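Please open the model in your viewer and keep the selection tool at hand.

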Amino acid sequence: MVYINRIEHFNAAHRLHNPAWSEERNQEVFGPCANANWHGHNFELIVTVKGEPDPDTGFVIDLKVLGDIIRREVIDKVDHKNLNLDVDFMQGKMASCEILVMEIWKILERALAPVTEAHLHQIRLIETPKNSVDYFGE
């Protein structure tokens, strides 16, 4: 089994806020991330795909194809956007990195199925140099 990584970058704003809670409770739980005027990050998205190399090409997946899919299905929808307001697949969901990475998984899993026998293995979303989330589709 061979594991292929593709790294993409995007910038986005979001707010962590539970509308069922008071402003005080949101501030207590989410701190500065509950800022009513939003806050932003320079995100790194690392998508890992696994499979056996094709005997004709030597590829698990053509990295250009993988990059095109990631950009079309995810990056173009989130880059320089407000995750809470502008991103259709995040509507009505908490805009945490945990939820975001799970939604990205669903999108990429569907988009990859018709073009490759390789499978998603992991998605890592890096929010800050100190904070990241890994998701394995479980």
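Predicted model: local features only at pLDDT ≥ 70, side-chain atom pairs only at ≥ 80, totals over all residues.

Residues are numbered from 1 along each chain as its sequence is written, and side-chain values use heavy atoms, with hydrogens and water left out.

Select residues 63-78, which form helix α2, together with residues 97-112, which form helix α3; the two pack at an angle of about 130°, with their axes 10 Å apart. Helices here are DSSP runs of H or I with at least four residues, and strands are runs of E with at least two, numbered from the N terminus. Axes are lines fitted to C-alpha atoms, for helices over the stretch in contact, and angles run from 0 to 180 degrees between N-to-C directions.

Now show the side chains where the helices meet: Leu66, Ile69, Ile70, Glu73 and Val74 of α2 make the contact with Ile104, Ile107, Leu108, Ala111 and Leu112 of α3, where contact means heavy atoms within 4.5 Å.

Next, select Asn82, which lies in strand β3 (residues 81-82). Is Asn82 buried or exposed? Asn82 is buried, with a relative accessible area of 9% (buried means under 20%, exposed over 50%, partly exposed in between, with a 1.4 Å probe and protein chains only). The side chain of Asn82 reaches the backbone nitrogen of Asn84 at 2.8 Å, and a polar atom of that side chain lies 3.1 Å from the backbone nitrogen of Leu85.

Notes
Polar contact = N/O pair within 3.5 Å; in protein donor to acceptor, adjacent residues only side chain to side chain.
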